[in-house]
Amino acid sequence: GLMQQLRQVLLQAERTQQHIAVLYVDLDRFKAINDVHGHVIGDRVLSTMAARLRGVVRTSDLLIRVGGDEFAVLLDHTTPAEVHAHAEGLQSALQGLRYRDLPVQASVGAACTGPDVDTPTALVEAASRNRYRRKYQQGQG
């Protein structure tokens, strides 16, 4: 799972003094899509989204599905500035995403390793926090 992958990448990063980052992508209102259109459509929306994400992440980055409607992208060998650019890139890749006539919106949160973010849990929690802050700013729960 995600935590196991993170642990391995973190160990490598410590040895080489590199930063790693987690980008967290959360499909907004996914429950509504499932409730209104059913799980088959829900799954198609998710695979459309996964394909779009795979199109923008580097081949060395790991794309992991977490929970029902969330994805984590694991960036190794990165810098805090790059992480911001990646997050923006993901956000715009998902902008205007539709499945047939359903608008699909996603929130992206990102966190990079640093002095107080040096465990898998801390990294995921920081990314998740940032994501919800973004979602809140965009005015959608």
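Colleague: Before we start, what should I know about the model?

Modeller: It is a predicted model, where local features need pLDDT of at least 70, side-chain atom pairs count only at pLDDT 80 or more, and totals for chains, interfaces and linings use all residues. Residues are numbered from 1 along each chain as its sequence is written, and side-chain values use heavy atoms, leaving out hydrogens and water.

Colleague: Why is Gln-17 called exposed?

Modeller: Exposed means over 50% relative accessible area, buried means under 20%, and partly exposed lies in between, with a 1.4 Å probe and protein chains only. Gln-17 has a relative accessible area of 71%, so it is called exposed. You will find Gln-17 in the loop between helix H1 (2-16) and E1; helices (H or I, at least four residues) and strands (E, at least two) are DSSP runs, numbered from the N terminus.

Colleague: How do you know that the buried residues of H2 line one face of the helix?

Modeller: The buried residues of H2 are Phe-30, Ile-33 and Asn-34. Seen down the helix axis, they fall within an arc of 95° (taken from the directions from the axis to the C-beta atoms), so they line one face. On the other side of H2, Lys-31, Asp-35 and Val-36 are exposed. The buried residues pack against E1, H3 and strand E5 (102-103).

Colleague: What makes a set of residues a nonpolar core?

Modeller: The residues must be buried Ala, Val, Leu, Ile, Met, Phe, Trp, Tyr or Cys, joined through side-chain atoms within 4.5 Å. The largest such core here has 28 residues, and Leu-23, Val-25 and Leu-27 are among those with the most contacts inside it. Helix H3 (39-56) is one of the elements giving two or more residues to this core, and H3 gives the most, with six residues. Apart from it lies another core, of 19 residues, including Leu-2 and Tyr-24.

Colleague: Which residues does Leu-27 touch?

Modeller: Contact means heavy atoms within 4.5 Å. Leaving aside neighbours within four places in sequence, the contacts of Leu-27 include Val-45, Leu-46 and Met-49.
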